[in-house]
Amino acid sequence: MDVDVPGTVLKRERTRDAVLELIESRSPGDAIPSERALCSLLGVSRPTVRAAVDELVAAGLLVREHGRGMFVAPAKITQELVAGDRSLTVPQAAGAWSSRLLEFTTLQAGARVGRKLRMSPAAEIVYVARLRLVDGAPMAIEHLHIRAELVPGLSAQELESGDLYEHLRATHGVHVHEAVQAIEPTVVTRAEAKLLDVPELSPALLFERLTSDTSGRPVEYVHSLYRGDRYRIVSRLALGPAAEVAPDREGHHPGIPPGDFAHGDAITSSTRGDIQTGA
């Protein structure tokens with residue numbers, strides 16, 4: 001190996017940048033030259049090319065297909081976080097989002113979820129698991145836990161239509177006010193990998209969110225797993241005042257059912273590993 005040769009790190013960095021430039025000049029699904037061809041094209045050794053390619057494969061920018069070659073990976077879905085005057089707002093992610101219901105049931109909260117929702121472990125919650133897809137490709141697994149007392153008669157169809165919070169407002173007088181959300185890196189289990197169509201132990205982003213009403217009562221706890229190779233978070237920091245722009249009402253928030261926060265309720269972002277209850 002040439003890892004100890006002077007200038008090797010810089011050489012690999014330049015090789016990576018050269019391959020990245022090839023990727024950026026092509027469209028998703030397009031082939032790039034083989035490792036052998038890249039060696040000749042860039043004038044570097046095979047280990048140097050392989051190290052750069054391995055890094056770009058791990059980053060989700062290249063896809064290796066045995067017997068076929070290397071191809072530009074599908075574009076990542078970008079979720080932008082924007083610092084507003086009173087909270088960190090979350091514009092919707094790109095793509096056409098849909099859901100596949102995995103489970104919908106009523107059960108006891110249990111100790112952990114009970115603590116999150118500040119309710120008895122024996123109290124009932126509505127539990128929903130669903131696979132989120134973007135442009136038909138699996139992107140995330142979401143687990144929703146909602147106080148059952150707040151949503152009597154809630155159906156899977158109502159949830160998927162995006163009317164959950166409107167249902168709470170109109171039927172039960174529950175006004176969702178704030179959500180505290182944390183994001184951290186993780187890896188997928190074998191079962192999660194099968195659903196997301198990725199290798200076991202692939203990198204992922206874990207979203208945890210606790211939603212409260214205007215009285216500070218926890219209403220809903222959600223944890224979601226998003227593919228690390230297809231999803232990224234970008235922060236935009238507002239450094240000065242700007243003209244107000246009407247928010248886009250279409251799209252997707254990570255971990256939030258379609259239609260939620262449609263009335264402009266605040267979303268607060270947290271980088272801590274644990275959900276803050278706001279109590």
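Reader: Which residues of helix 4 are buried?
Author: Keep in mind that this is a predicted model. In helix 4, which spans residues 110-117, the buried ones are Val 113, Gly 114, Lys 116 and Leu 117. They sit on the same side of helix 4, because the arc they cover around the axis is only 160 degrees.
Reader: OK, and what covers those buried residues of helix 4?
Author: The cover includes strand 7 (124-134), strand 8 (137-147), strand 10 (203-213) and strand 11 (218-227).
Reader: Switching to rings: how many aromatic pairs does the structure hold?
Author: There are 5. One of them is Trp 97 with Tyr 226, a tilted pair at 6.4 Å centre to centre and 55 degrees between the planes. That pair links distant parts of the chain, with Trp 97 in strand 6 and Tyr 226 in strand 11, 129 residues apart.
Reader: Is Trp 97 buried or exposed?
Author: Buried, because its relative accessible area is 16% and the cut-off for buried is under 20%. Tyr 226 is buried too, at 0%.
Reader: What about Phe 207 and Tyr 231?
Author: Those two are edge-to-face, 6.2 Å centre to centre with 85 degrees between the planes. Phe 207 belongs to strand 10 and Tyr 231 to strand 12, 24 residues apart. Phe 207 is buried at 1% relative accessible area, and Tyr 231 is buried at 2%.
Reader: Which residues do ring pairs link into a cluster?
Author: Trp 97, Phe 207, Tyr 226 and Tyr 231.

Notes
Residues are numbered from 1 along each chain as its sequence is written. This is a predicted model: local features need pLDDT of at least 70, side-chain atom pairs count only at pLDDT 80 or more; totals for chains, interfaces and linings use all residues. Side-chain values use heavy atoms; hydrogens and water are left out. Buried means under 20% relative accessible area, exposed over 50%, partly exposed in between (1.4 Å probe, protein chains only). Helices (H or I, at least four residues) and strands (E, at least two) are DSSP runs, numbered from the N terminus. The arc is that of the directions from the helix axis to the C-beta atoms. Contact means heavy atoms within 4.5 Å. Rings of Phe, Tyr and Trp (its six-membered ring) pair if their centres lie within 6.5 Å; planes under 30 degrees apart count as stacked, over 60 as edge-to-face and the rest as tilted.
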